[in-house]
Every structure is written in C-alpha cells, then in structure tokens.
Amino acid sequence: MAAPQTTDPLLEEISGPTPRQILRKRVRGHTGLLFGLGVVLLLVIVAILAPVLAPHDPYVQDLTKRMVKPVFMGGTWEHPLGTDHLGRDYLSRLIYGARVSLLIGAVAALISGIIGTAMGVAAGYFGGKVDAVVTFLINVRLAMPVVLVALAVVAILGGSLEVVIGVLGLLLWDRFAVVMRASTLQVRRREYVAAAQAIGASTPRVILSEIMPNIVNNLIVIVTLEMAHAILLEAALSFLGLGVQPPTPSWGLMVSEGKNMMLFEPWLVLIPGVVLFILVLAINLMGDGLRDVTAPENRS
Amino acid sequence: MKAVFLKSTAMALAMSVAATGAALADKANDTLSVAFTKELENVDSFFNSSREGVVMQRAVWDGLIYRDPITNEYTGNLATEWEWIDDKTLELKLREGVKFHNGADFTADDVVATVNFVAKEENGVKTQRNVNWMEKAEKIDDFTVRITTKDVFPAAIEFLSGPVSIYPADYYAEVGPSGMGLKPVGTGPYKVVEVVPGQHFVLEKYEGYHDSPKGQPTIQNIDIRTIPDVNTQLAELFSGTLDMIWQVPSDQAEKMAAMGDRFTVLNESTMRVGYLSMDAAGRSGMDPNPFTDVKVRRAVNHAIDRQALVDNLLKGKSQVVSTACFPSQFGCAQDVTSYEYDPEKAKALLAEAGYPDGFSTELYAYRDREYAEAVSSYLNAVGIQTDFKLLQYSALRELNMKGEVPLAFLTWGSFSVNDASAMVSQFFKHGSLDDAQDDQTKEFLDIADSSTDPDTRIENYRKALQRIADQAYWAPMFSYNTNYVMTKEVDYTPTADEVLRFTNMSWN
C-alpha cells in the first residue's frame with residue numbers, strides 16, 4: 001500500500017522509508033537469504049511439478065539398462081543423471097524424491113512447531129505450575145536421543161511415510177518449546193502487554209496479538225532448523241532401511257541403494273548426497289537470513 | 001649371526017603383530033584372511049543354518065562318510081566301510097587311530113552319543129530335516145556302530161556325508177552346544193584356536209589330521225573375519241588385509257575381473273535357489289488373504305521375469321528355476337508346470353480372483369535387497385503393492401515359523417545335499433515353515449522319502465513337485481552363483497556346492 005501523500009514539510013522531513021521498504025532493502029542485500037530462498041523455492045516448484053518435469057516414470061525398472069552413467073560421465077541425454085541398480089531413471093527418482101524430503105520436512109516441522117510453541121508460550125506466559133510441568137516435559141524429551149527413539153519406534157511400527165512424519169513430528173518439538181518459553185518470558189513483562197491486560201483483553205487475545213508477533217522471528221528460525229533436521233533424519237532412517245520403504249524414491253534410500261556400488265560407481269551416492277546437502281544448506285541459510293532481516297535491530 | 005638376529009626380530013615382530021590382533025594376511029606368515037558377510041548364530045554346526053556354518057563345519061569336523069564334490073562318489077571318512085543290514089539299519093566300521101583336537105580318541109561312543117543327542121527333537125537342532133531321519137545309534141564294539149533310521153531312508157548316506165558330523169562324546173556332554181560354539185572341538189583338518197563372536201574366528205592346521213579323503217591342509221592359519229559390508233571387504237582386499245572374499249555380488253565381481261592381473265575372479269554355480277513363498281494355508285491372518293486363492297498365486301508366478309533377473313542381476317552360472325528344488329538334485333523333476341513372464345495374464349488372473357485393482361501385502365526378505373526390490377517392482381507392475389520389510393535371517397525365520405509372513409523372498413541352499421528331499425521335503429511336510437500345509441503334497445513326499453526304489457522316488461518327487469507347481473505354492477525363480485575373488489597368491493578351485501574348503505587352498 002502506498003504511503004499517503006502529505007504536504008506538511010515537517011512530516012515529510014521525518015518520514016524515512018516505511019518498515020516494508022526497509023525490509024525489502026535488507027532482503028536484497030542478504031545474499032545468503034536470497035540463495036536459500038531461491039533454492040528452496042526452486043525445489044518446491046520441482047516437487048510440485050514432478051509429474052511434468054520428470055523425463056521417465058520413477059518406478060519403471062529396466063533390468064537391461066542398469067547403472068547407465070550420467071551424461072557428464074559419458075552417458076547419453078536419454079538418462080541425464082544415469083540409471084540406478086534396477087535401471088530406473090535417476091533424474092526422475094531425484095525429482096520425485098524432492099517431494100518426499102520436502103513433505104517430511106514441512107509436515108514434521110509443522111507438527112512439532114504447533115506442539116512446541118503451544119507448550120513454550122503457555123509455560124512462559126502463565127509461569128508457576130504450568131511452567132514446572134512444561135519444563136519437566138522438555139527435560140524428559142531432551143533426555144531421549146532422537147535417532148535412537150525414532151529407530152525403535154519405526155522398527156516396531158514398520159517404516160512408511162506416515163510413520164516417519166509422525167515420529168519426527170512428535171520428537172522434534174523440544175527446541176520450539178525451549179525458545180518459545182524464553183522469548184515469551186522476555187516479552188511478557190513489557191509495558192504493552194500490561195497495557196493490553198489493563199484494558200481487559202482476553203488471555204488468548206493478549207497471546208495472539210501482543211506476544212506472538214513479537215516472538216515470531218525466533219519461531220521462523222527454529223522452523224527452518226527443525227525442517228532441515230527432519231529432512232536429514234528421514235534420510236538417515238531411510239538409509240538404515242527403517243524410513244520410507246522402497247520403491248518410493250527418497251534421497252536417503254537412493255544413497256543407501258547406491259552404497260553397494262560406491263567403490264566403482266560413486267556417482268550413485270554422490271548425486272543424491274549433493275542434492276540433500278544443497279537443500280539442507282539452503283534451508284539453513286534461509287532461516288539465518290530471515291532472522292537477520294526481521295530482527296528488531298539491524299544485525300546484518 | 002646377523003641372519004639369525006634378523007630372523008628372530010622378524011618373528012618377534014610377527015608375534016607382537018599377531019598378539020595385537022592386527023594379523024597381517026599373506027603368504028609370508030602363512031595366514032589366509034577370509035571374510036564372512038553374515039555373523040554365525042553359533043559355531044556348533046547343528047545350531048546354525050547358514051552357509052558360513054557349513055564352511056566352518058567342513059573345516060572343523062568330519063562326517064562318517066565323504067562325498068567327493070566333483071565326482072559325487074562316496075568314500076569313507078570317519079567310517080571306513082558301511083553296509084545296510086536291513087532296510088532301516090546301517091552298520092558302519094569306524095576308522096581307528098583318529099584323535100579329536102583335544103586329544104581324546106575317536107571311538108564308537110562318540111558316534112553313538114552324537115547321533116542320539118541330535119536325533120532327539122527336544123535338543124533343538126536347528127534344521128530338523130538334517131537329523132530327524134535317525135532313530136538311534138548303537139555300539140557293537142569300539143569301532144563298529146549301527147544307525148537305525150525311523151523310516152526307510154535312502155538318502156541316509158548323503159546326509160551322513162553332509163550335515164551330520166561327529167562330536168567328541170565326553171566334551172560335548174560337558175559343555176553342550178553353547179560351549180561347543182565358543183570352543184569347538186572336532187576331528188577336522190583345522191582346529192579352532194579363537195572364537196570372538198561378531199569379530200573373527202582363527203583356525204590352525206591340525207597336525208594330527210588323519211588320512212582323510214578331504215586331503216591334508218597346507219595353509220597354516222586361517223583368519224575369518226565378519227565384515228558385513230561388501231565395499232569394506234573389497235577395500236580390505238585392495239589394501240591386502242584380506243586374501244579372499246566370496247559371495248561377491250556380480251556387479252562388483254565384473255569390475256574386479258576387469259582390473260586384470262591383481263585378482264583372480266571365479267564364478268561357480270551353487271545349489272541355492274531363490275523363491276517367493278506365499279501364505280497359501282492362510283496362516284498370516286491377513287483378511288481377506290489373497291494368497292489362499294490359487295489364481296493369485298499363479299498371477300504372482302506370471303508377474304516375474306525370471307530370465308531378465310538371471311541375465312541382468314544374477315549373471316554368471318545362475319539359471320532359471322521353476323521347481324521347488326535345485327535341478328541337479330536327485331528326484332528334482334524339471335518337466336512340471338512352469339509359468340512364463342506375462343504381466344497381462346497376471347493382471348487378468350488377479351481380476352478373475354476378485355482383485356481387479358490389485359491389493360497390498362507385506363513382502364519380507366532377508367538378503368539381496370536388490371533382487372527383492374526388482375521382484376517387488378515386478379509385482380507392483382501388475383497391481384500387487386508391496387510393503388517391503390528387510391529383516392535379519394533369524395528374525396524372519398522366527399516370524400515364518402509363527403506363520404506371520406504373507407509373502408517372502410527366501411532362499412535355500414539345501415546344505416549342499418544333492419537330493420531333492422533336502423529342499424522340497426524340508427518345506428512341504430507340514431512343518432512350521434510349510435506355508436502350503438497341503439496333504440496331497442505331503443503324501444507324495446512321504447512315499448518318495450521312504451522308498452528304496454529309485455524309480456518310485458523319482459516318480460513321487462515328480463508328483464509332489466507337479467502338485468506344488470500346479471498349485472503355485474511357491475514362485476521359484478532362480479539359482480544362485482557365487483563369485484570368489486582372491487589375490488593371485490591364493491590357489492583355489494571352487495566347487496559347485498558353495499562350500500569354501502580351506503583344506504584345498506594353497507599358496508601360489
């Protein structure tokens with residue numbers, strides 16, 4: 001929305017750029033954020049358009065064309081990134097694998113974000129017994145090693161997309177709770193919160209419109225961190241054969257399937273590994289960047 | 001003087017290296033290093049059912065009889081001669097002057113104690129098929145025994161030359177299977193000097209080995225290490241800490257062969273058959289259970305392109321198998337119903353059975369994830385969605401025995417017994433591993449297993465195999481081959497029965 005025109009010379013003198021303009025300027029000057037955002041957006045588009053972009057069906061095997069080399073190693077454009085150990089097109093599997101990774105990252109971060117934020121804000125705002133209970137729960141959660149618990153649960157329930165998402169969503173809320181609790185504790189004592197309470201605003205209203213907007217930049221950073229965390233954990237579980245099950249294309253699974261031929265055909269492991277690395281790096285850069293540009297004081 | 005000094009330093013060095021456990025593998029210190037991929041549940045050969053166990057068994061223990069792996073002729077090993085004195089009684093004269101690794105003399109008591117122990121079902125020998133044909137053994141004199149079979153059992157000689165090895169009576173009574181597993185004692189060409197479960201086994205040439213048809217061992221020490229990952233095995237072979245690996249996947253073996261003069265790569269067929277087992281008896285409690293319908297089982301058989309699997313994945317000396325046994329086995333008829341690759345027909349059969357859109361099922365496997373994935377891909381293509389589960393062998397076996405497995409990719413190596421009964425009778429006689437529980441198949445097998453007339457046996461195995469193929473209880477797929485990769489220093493000619501024989505190895 002354009003700023004209203006004014007004729008008052010005094011006002012004109014003190015009005016600098018609007019907050020939105022400042023934000024835009026900060027975003028443009030932040031290469032890490034731009035790179036991260038760009039890569040993540042690109043992968044999201046690729047994942048959504050997978051059926052259009054993938055040159056082959058990622059599930060169709062052709063045993064006569066196993067481990068065809070990618071084009072940069074002397075292969076043909078028929079299979080730009082080569083084929084896997086069952087003759088399935090590697091590029092297509094990579095593209096469909098983006099869906100699995102992003103879906104798991106986003107949904108797991110969402111579930112744990114909701115759990116962790118609710119707990120953290122409640123603990124920080126109400127204090128007392130609520131705080132004691134939440135702190136206890138956080139400690140219990142922190143005492144459990146994530147990978148070990150995830151392995152055990154998946155081993156009992158069996159690996160599938162839903163189970164992996166559920167397990168990671170229910171395990172990764174600890175950082176949300178810790179950070180949200182601390183941030184709420186800081187904000188709760190501010191004058192504007194007291195003012196809102198004084199004019200009779202309800203508790204939900206105080207939390208949603210006075211507290212949340214002031215801690216949301218912290219939340220964004222944690223969301224991106226946990227998203228990257230969840231994607232890596234999915235890859236690790238799938239690599240161990242306990243995550244997403246074949247033939248679903250998952251990057252972790254691709255690394256695991258290529259592992260047997262690692263000595264002679266290293267690209268089978270390198271390609272999904274590099275893509276996984278780039279995605280996780282991009283998400284982390286995006287999170288860092290978002291924190292920098294939304295922080296109250298200009299830290300970038 | 002100087003030479004002596006050098007020699008003793010070298011020896012001291014070698015000893016200290018050996019003591020730290022990092023034994024150098026090579027010709028110079030007469031130690032051959034081999035890798036096992038799977039861990040042994042128990043070194044006691046009656047209490048494991050893995051191929052690695054068979055390899056250990058042939059090295060550490062002896063059977064009463066020996067079958068030459070090339071000519072298939074039987075000769076005496078711990079027994080010198082044998083004779084059927086009636087349909088069910090075999091009398092054996094034992095070899096004199098044989099000593100166990102612990103110094104105990106080998107006599108008729110050892111045979112009697114071993115047979116009577118393993119033949120009792122409650123003692124829990126892992127593969128009952130190997131021993132449950134024996135009723136008891138009796139001592140006639142110190143070097144004569146009689147083994148009585150439960151029924152007429154013509155394959156007795158084959159089993160006595162295979163999985164039935166003789167244990168020292170006193171020692172076994174004292175330590176039992178778990179003690180035997182940790183400190184094995186036998187009469188074999190190699191004695192066990194160290195067992196570290198999950199890490200390695202060290203064997204040493206048994207100097208007092210009797211004049212056995214197995215031949216005399218030449219290599220002094222064998223160090224067998226458990227290395228589950230093939231890439232690690234290959235890397236160790238490159239760096240010289242391993243001299244020999246086996247069961248190398250065909251893709252890697254091809255690359256190794258292409259490297260030319262550093263390694264010898266040999267391919268041999270094995271008796272191992274890969275097959276899909278379906279829950280035809282409906283034990284798994286799947287509801288509805290599609291596999292109880294013969295049309296669905298036939299559809300599964302039609303869905304798999306066996307030739308493509310053999311040509312592109314297994315390669316080597318593998319072949320397409322369409323019966324529930326290995327073609328070279330006695331009685332393994334080949335002229336039974338087979339199912340050609342025809343996905344359209346498979347879909348049609350599924351539709352006929354009431355599954356026009358297919359169904360989903362769990363698919364279990366314990367080895368060769370690549371083959372299992374290829375198979376599941378074929379099943380997916382006709383509409384059978386698979387929830388793929390890879391388990392350890394022992395875990396899958398337990399589950400299978402409880403009847404909780406709807407569909408599994410399994411393999412069986414018949415303990416290298418060259419008789420169809422070692423495979424088809426193992427799985428189709430209403431045991432806990434029998435997914436078909438079919439009375440008619442069992443009837444045929446009962447006749448075949450207990451007849452002395454070769455023609456009756458052949459005919460009834462054929463009938464049983466025909467029934468199995470016709471009802472499509474299994475989807476037999478292919479036989480395995482094994483690639484042996486060794487450094488040029490090692491001289492070994494593998495045999496077609498997937499048994500590594502350390503006794504026949506030497507240095508070039």
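How many of the 13 residues of helix 11 of chain B are buried? The count is 10 of the 13, so helix 11 of chain B is largely enclosed by the rest of the structure. Buried here means that 20 or more other C-beta atoms lie within 10 Å of a residue's own (12 or fewer is exposed, in between is partly exposed, and C-beta atoms are placed from the backbone).

Some bookkeeping before going on. This is a predicted model, where local features need pLDDT of at least 70 and side-chain atom pairs count only at pLDDT 80 or more, while totals for chains, interfaces and linings use all residues. Residues are numbered from 1 along each chain as its sequence is written, and chains are lettered from A and ligands numbered from 1 in the order in which they are written. Helices (H or I, at least four residues) and strands (E, at least two) are DSSP runs, numbered from the N terminus.

**Helix 11 of chain B**

Helix 11 of chain B reaches 18 Å from its first C-alpha to its last, close to the 18 Å expected at 1.5 Å a residue; the expected span is 1.5 Å times one less than the number of residues. Its buried residues include B:Tyr371, B:Val375, B:Tyr378 and B:Leu379. The buried residues of helix 11 pack against strand 12, helix 8 (294–303), helix 9, strand 13, strand 14 and strand 15 of chain B. Just after the helix, B:Gly383 takes a positive phi of about 105 degrees.

**Strand 15 of chain B**

Strand 15 of chain B (residues 407–412) has 6 of its 6 residues buried, so it is largely enclosed by the rest of the structure. In a regular strand the side chains alternate between the two faces of the sheet. Here B:Leu407, B:Phe409 and B:Thr411 point one way, and B:Ala408, B:Leu410 and B:Trp412 the other. The table lists pairings of this strand; two strands pair if DSSP finds at least two bridges between them.

| Partner in chain B | Sense and bridges to strand 15 of chain B |
|---|---|
| Strand 12 (residues 263–278) | antiparallel, 6 bridges |
| Strand 13 (residues 359–365) | parallel, 2 bridges |

B:Leu276 stands opposite B:Phe409, and B:Tyr364 has B:Ala408 as its bridge partner.

**Where the chains meet**

The contact between the chains takes 22 residues from chain B and 17 residues from chain A, with two residues in contact if their C-beta atoms, placed from the backbone, lie within 7 Å. Helix 11 of chain B turns up again: it gives the largest share of chain B's side, 6 residues. That side divides into 10 nonpolar, 6 polar and 6 charged residues. For the classes, Ala, Val, Leu, Ile, Met, Phe, Trp, Tyr, Cys and Pro count as nonpolar, Asp, Glu, Lys and Arg as charged, and the others, Gly among them, as polar.

**Chain A**

Chain A has 13 helices and 0 strands. Of its 300 residues, 40% count as buried. Its C-alpha atoms fill a box of roughly 75 × 55 × 30 Å, taken along the principal axes.

Helix 5 (residues 90–126) and helix 13 (residues 267–294) of chain A pack at an angle of about 35 degrees, with their axes 11 Å apart. The contact is made by A:Tyr90, A:Leu94, A:Gly97 and A:Ser101 of helix 5 and A:Ile271, A:Pro272, A:Val275 and A:Leu279 of helix 13. By class, that contact has 6 nonpolar, 2 polar and no charged residues. Axes are lines fitted to C-alpha atoms, for helices over the stretch in contact, and angles run from 0 to 180 degrees between N-to-C directions.
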